[in-house]
Amino acid sequence: MGGMRGEPSCPKCGGRVRAPGLFADSWQCDEHGTVHPLQPVVPPSVEALGVVVHRAQVPVWMPWPLPVGWLFSGVAAAGDDRSGGRATAVACSGPGPLGGPGELMLIAEELGVGLGARYAGIPGPDPGPGMCVDKPPHAKVLAAGRPTPLWHVGGAPDDRVVFAGEARGLWLWAVVWPEQTGLLMYDELVLTDLRDAGAEVDMLPCGALSPRLLG
């Protein structure tokens, strides 16, 4: 799929996209039409994160402080130089609450971009009918200081658990691998929008790139 090839790809399917040109003033995917292109994913560094944060028109959510033993393991963004980032995905990895390695990906996006659904492994572009909003929320996070309810999203593959809700007027997705690492989400995780963060981000512990960002 998309990723390390070094060219933008479709946020919904990872397929090739055509740059704006004579016949279209937007990026085009053969299957999905007009899209906000997913920019190439680069290895995690404070600099790579800074580039995404600087361009983002949507939050760049990260658990802050990171849970003990957890590392920042990559960032992805959809959008071009003209539109800025319309979706961001931040990956972190570390020891799961029940032992073994765990991964958490937080996606913020405008309606219809489709990046969250792709990483969640469900038909997109939005959480839609899979969200069990008729029940009380399954998890609550503190997002930029606000208690933010998240609901379970059904239909995801068995290797992960997916939550979604709304923060700052946009979708917030949390995708967690493996399923039992989802217990993290019941612990009032504190999320910071890195657009508001200061110099402490320079101290961010970086790990290896999460291959899930390339999927």
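Begin with the cysteines: the structure holds zero disulfides. Select cysteine 10, which is in no disulfide, and find the nearest cysteine sulfur, that of cysteine 13, 3.7 Å away. A disulfide would need the two sulfur atoms within 2.5 Å. Cysteine 10 is buried, with a relative accessible area of 0%. Keep in mind while looking at such distances that this is a predicted model.

Next select cysteine 92 together with cysteine 206. The closest cysteine sulfur to that of cysteine 92 is the one in cysteine 206, and at 10 Å it is too far for a bond. Cysteine 92 is buried as well, at 1% relative accessible area.

Now turn to the charged side chains. How many salt bridges does a search of the whole structure find? The count is nine.

Select aspartate 159 and arginine 160. Their side chains meet in a salt bridge, with N to O at 2.8 Å. Arginine 160 is buried, with a relative accessible area of 16%, whereas aspartate 159 is partly exposed at 35%.

Move on to aspartate 193 and arginine 168, whose side chains form a salt bridge of 2.7 Å, N to O. Which parts of the chain does this pair tie together? Aspartate 193 belongs to strand 12 (residues 190–193), while arginine 168 sits in the loop between strand 10 (161–167) and strand 11 (170–177), so the contact joins parts that are 25 residues apart in sequence. Is aspartate 193 buried or exposed? Aspartate 193 is buried, at 0% relative accessible area; arginine 168, at 45% relative accessibility, counts as partly exposed.

Arginine 195 is partly exposed, with a relative accessible area of 34%.

For the last stop, show the surface and select Leu98, Leu183 and Tyr186. These residues form a nonpolar surface patch, with about 330 Å² of accessible area together. Leucine 98 counts as exposed because its relative accessibility is 60%, and the cut-off for exposed is over 50%.

Notes:
Residues numbered from 1 in each chain as written. Predicted model: local features only at pLDDT ≥ 70, side-chain atom pairs only at ≥ 80, totals over all residues. Heavy atoms only, no water. Salt bridge = Lys/Arg side-chain N within 4 Å of Asp/Glu carboxyl O. Buried < 20%, exposed > 50% of the residue type's maximum accessible area, 1.4 Å probe, protein only. Helix = DSSP H or I, 4+ residues; strand = E, 2+ residues; numbered from the N terminus. Patch = residues over 30% accessible without salt bridge, like charges linked within 9 Å, V, L, I, M, F, W, Y side chains within 5 Å. Areas by Shrake-Rupley, 256 points an atom, 1.4 Å probe, with all protein chains shown as cover.
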